[in-house]
Amino acid sequence: MVSITIDDNLLLRTYEVNDAEELFTAVDNSRRHLHTWLEWVDKTLKPEHSLQFIQQSLHEQDMQQSLALGIFYNNKIIGGVGMHNWDQSVQKAQLGYWISKEYEGKGIISKCIVKFVSFLFEKIGLNKIEIHFFPANKRSAKVAERLGCKIEGIIRASQLRHGRPEDIAIAGLLKSEWEAK
């Protein structure tokens, strides 16, 4: 189990099977908010889907393929951060994150991502992280910018969003750039 303390109220930790109902509720309560940018929300229709996600995440963590952590505010799930597409040959991975609508705009994602990135560079040994986002997602662009990521390019018509191909911005951060901050 991975557990990263952010502050007195915030904790990142590996999801557990008994978190499934609460995770589903957090997603369901922010469905309209999250749906705009995250395709997986439309496939999370009942608590069993959250349970399947948790079980798959635990398996992938054991296999060192990915890492999915819940954002817990006073022991309540309010979002998530994750590392996926882990390429161990070059020690890079993509970051993902989401937060419930009621907690958006409070700096929580930024605080959590800073600690998570430090963990990935220092404990996991990554050399590079990437954030892929739709250019219209200004909030994700701001998270990447605050981390010190550099926009490495726009991949045209590269990812489906609500059934239509859209461009994806790729922002990257090297461990040496992180350490120089």
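**Helix packing and selected residues in a predicted model**

Good morning. Q61 is situated in helix α3. Helices here are DSSP runs of H or I of at least four residues, strands are runs of E of at least two, and both are numbered from the N terminus.

A word on the basis of the numbers. The model is a predicted one, in which local features need pLDDT of at least 70 and side-chain atom pairs count only at pLDDT 80 or more, while totals for chains, interfaces and linings use all residues. Residues are numbered from 1 along each chain as its sequence is written, and side-chain values use heavy atoms, with hydrogens and water left out.

I begin with Q61 itself. Q61 counts as buried because its relative accessibility is 19%; buried means under 20% relative accessible area, exposed means over 50%, and partly exposed lies in between, with a 1.4 Å probe and protein chains only. Neighbours within four places in sequence set aside, Q61 is in contact with M1, V2, T14, S66 and L67, where contact means heavy atoms within 4.5 Å.

Next, the helix that holds Q61. Helix α3 comprises 16 residues, 47-62, which at 1.5 Å a residue should span 22 Å, and the 23 Å between its end C-alpha atoms agrees with this. The expected span is 1.5 Å times one less than the number of residues. Which residues of α3 are buried? They are S50, I54, S57 and Q61. Viewed down the axis of α3, these buried residues fall within an arc of 65°, so they line one face of the helix. The arc is that of the directions from the helix axis to the C-beta atoms. The cover over the buried residues of α3 includes β2 (10-14), α1 (20-29) and β3 (67-73). After α3 comes Q64, with a positive phi near 55°.

I turn to α1. Its buried residues are A20, L23, F24, A26 and V27. Around the axis they cover an arc of only 160°, which puts them on the same side of α1. Among the elements that cover them are α2 (31-35), α3, β4 (76-87) and β5 (92-99).

A26 belongs to helix α1 and is buried, at a relative accessible area of 8%. Beyond its neighbours within four places in sequence, A26 is in contact with I77, W98 and S100. A26 is also 9.1 Å from K76, C-alpha to C-alpha, although 50 residues separate the two in sequence.

Now to the helix pairs. Two packed helices are described by the angle between their axes and the distance between the axes. How do the axes of α1 and α3 cross, and within what distance do they come? They come within 8 Å and cross at roughly 115°. Axes are lines fitted to C-alpha atoms, for helices over the stretch in contact, and the angles run from 0 to 180 degrees between N-to-C directions. The two helices α1 and α3 are therefore roughly perpendicular to each other. The angle classes are roughly parallel under 35 degrees, roughly antiparallel over 145, roughly perpendicular from 65 to 115, and oblique for the rest. A20, E21, L23 and F24 of α1 make the contact with P47, S50, L51, F53 and I54 of α3. The crossing of α1 and α3 is right-handed. A crossing is right-handed if the near helix is turned clockwise from the far one by less than a right angle, and left-handed if anticlockwise.

The second pair is α4 (residues 108-124) and α5 (residues 138-147), with axes that come within 10 Å and cross at roughly 45°. These helices, α4 and α5, are therefore oblique to each other. On the α4 side the contact is made by I109, S110, I113, V114 and V117, and on the α5 side by V143, R146 and L147. The crossing of α4 and α5 is right-handed.

N18 is placed in the loop between β2 and α1 and is exposed, at a relative accessible area of 62%. N18 and I54 are 36 residues apart in sequence and 9.3 Å apart in space, C-alpha to C-alpha.

The other two concern the backbone. Most residues other than glycine have a negative phi. N74, in the loop between β3 and β4, has a positive phi near 50° and is partly exposed, at a relative accessible area of 44%. N85, in strand β4, likewise has a positive phi near 50° and is exposed, at 51% relative accessible area.

Thank you.
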